[in-house]
Amino acid sequence: KTQVRTADSTPPVLQPMWAEAISSSQITVALRVDEGSRIWCAAWPTQPVNFAVLYENHIKGAASQCHDVRGNRCGTFWVYDLDDLEDTTQDGVTGQTDYDTKLANEAIWTVGSDVRIVLAGLTEATDYAYIYCYAEDDELDGIGSAPNKMPD
């Protein structure tokens, strides 16, 4: 039996589903991605300086105020797809049994499900007009050496 893999050279696509304030200092954002990836989100009342050029740095730089509803800091957890069974173990999946166990225990997010992100540390009564999210997958060349990043 020969395993054949095709290279993944496409970045993940984020689809916003909904957002709501859950307290005076927190907003929950639900997103879906079209492939296995890591996600970061951030909120600002005004757009950061040079955002168009430095968007990745700005969003990742706010990771301390971003976590999923399970408490995992943004950028530290993966959204999984079945391709993750075939690539490197960089994303924490070692095989079908491991994937099935994590899925059954609701310990992972999967492609096609609402990934719920909490933005915390916000100031009450402030209009956060700029909520941005960013995603990158785990493979540029099909073997996990560098991520495909969302374009600007």
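Is Cys66 buried or exposed, and what is its relative accessible area? In this predicted model, for which local features need pLDDT of at least 70, side-chain atom pairs count only at pLDDT 80 or more, and totals for chains, interfaces and linings use all residues, Cys66 is buried, with a relative accessible area of 1%, where buried means under 20%, exposed over 50% and partly exposed in between (1.4 Å probe, protein chains only). Residues are numbered from 1 along each chain as its sequence is written, and side-chain values use heavy atoms, with hydrogens and water left out.

Cys66 is joined to Cys74 by a disulfide with an S to S distance of 1.9 Å, a disulfide being a pair of cysteine sulfur atoms within 2.5 Å. The torsion about the S-S bond of Cys66 and Cys74 is about -60 degrees, so this disulfide is left-handed, and Cys74 is buried at a relative accessible area of 3%. A disulfide also joins Cys41 to Cys133 (S to S 2.0 Å); the torsion about the S-S bond is about 110 degrees here, so the disulfide is right-handed. The count comes to two disulfides, in the pattern 1-4, 2-3, with bonded cysteines counted along the chain.

Cys41 is among the residues with the most contacts inside the largest nonpolar core, which has 29 residues; such a core is a set of buried Ala, Val, Leu, Ile, Met, Phe, Trp, Tyr and Cys residues joined through side-chain atoms within 4.5 Å. Another core, of five residues, lies apart from it and includes Trp78 and Tyr99.
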